[in-house]
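Please keep the sequence and the coordinates in view while reading.

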Amino acid sequence: MRVSALVNDTVGTLAGGKYANNDVVISVILGTGSNAAYVERAQAIPKWHGLLPKSGEMVSSLLIAISKLCYLESAVINMEWGNFRSSHLPLTEYDQALDAESLNPGEQIYEKVISGMYLGEIFRRVLCRMAKEAFFGDIVPPKLKEPFILGTPVMSAMHHDTSPDLKVVANNLKDILEISNTSLKMRKVIVQLCDIVATRGARLSAAGLLGILKKMGRDTIKEGEKQKTVIAMDGGLYEHYEEYRNSLENCLKELLGEEVSKTIKIEHSNDGSGIGAALLAASHSQYEDKS
């Protein structure tokens, strides 16, 4: 086996999306983790100055790679946006506790508030706080104290429960947390909590997308230009969590305004990363064959 190209899922999704639709200029992964990539003009990319680092020194390999690509009109920027952190991110006590107890405290802060790995755990932590305030009675259910016992798929299933008596919510509480005999009123509160956690994550994701569009100058319509921007989106969270997906798309429209929103389209790129990686490997192989 010969390794022809090493590509992460985000860049692969961008490549696969661009091959199918030339208007694709942004790709986003919203699954267990999250990342984004976009096509940037070469003149807008800071160039690497000075000597290259000695072996072992920690320097962004992205900057070095881009310095070699500066002769091109554009280059792909792999943002690793999951590691974004800012004082403007609305972190709660639950986010801060989750981060402090994680395997990588202080890192991947943005990812920890928007991605599928963590949404269910944030939900569990809030529910545990409610339990301590006697939501389920005098005793905090022991299972509720176990980190990551409530995955985001479980949260999604409860959020999407449309049965009159919220049977899906009741069954998950009983089967996973060993909490039985919940009232319909309690189950409705739990669905509301799912909605709060998912909506916050989706709206923060939309804010990230708006940031990219602003950087590219595509958050406004230039007079006389027929501009169309397509965002290739992949990942299980976006694909399967319908309420999250709808909230993200509605928020982006809200932030952009009605007129600009008509020029922006989000397309689900199913397995776009695998297809894109294969295309990049195939395109690179033609140079290897000539050498």
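How many bridges join strand S4 to S5, and do these strands run parallel or antiparallel? In this predicted model, strand S4, residues 229-234, is joined to S5 by five bridges, and the two strands run parallel. Within this pair, Val 230 has Lys 265 of S5 as its bridge partner.

The pair belongs to an open sheet of five strands, arranged in the order S3-S2-S1-S4-S5 with mixed pairing. At its edges stand S3 and strand S5 (264-268), each of which pairs on one side only. On average, neighbouring strands of this sheet are turned by 20° against each other, with direction ignored.

Strand S1, residues 24-30, is connected to S2 by five bridges, and the two run antiparallel. Together S1 and S2 form a hairpin, with three residues between them. Leu 30 is found opposite Ser 34 of S2. Strand S2 also pairs with strand S3 (residues 74-78): five bridges join them, again in an antiparallel arrangement. Here Glu 40 has Ala 75 of S3 as its bridge partner. Strand S2 itself, spanning residues 34-41, is mostly covered, since six of its eight residues are buried.

Attention now turns to the helices that lie across these strands. Helix H8, residues 184-216, lies across S1, S2, S4 and S5, and its direction makes an angle of about 160° with S1. Helix H10, residues 242-256, lies across S1, S4 and S5 and runs at about 165° to S5.

Ser 115 is located in the loop between helix H4 (111-114) and helix H5 (119-132). Why does Ser 115 count as buried? Its relative accessibility is 0%, and a residue is classed as buried when this value is under 20%; Ser 115 therefore counts as buried. When neighbours within four places in sequence are left aside, Ser 115 is in contact with Gly 31, Thr 32, Gly 33, Ser 34 and Leu 237.

Note on methods: Residues numbered from 1 in each chain as written. Predicted model: local features only at pLDDT ≥ 70, side-chain atom pairs only at ≥ 80, totals over all residues. Heavy atoms only, no water. Buried < 20%, exposed > 50% of the residue type's maximum accessible area, 1.4 Å probe, protein only. Helix = DSSP H or I, 4+ residues; strand = E, 2+ residues; numbered from the N terminus. Pairing = 2+ DSSP bridges. Axes fitted to C-alpha atoms, helices over the stretch in contact; angles between N-to-C directions. Contact = heavy atoms within 4.5 Å.
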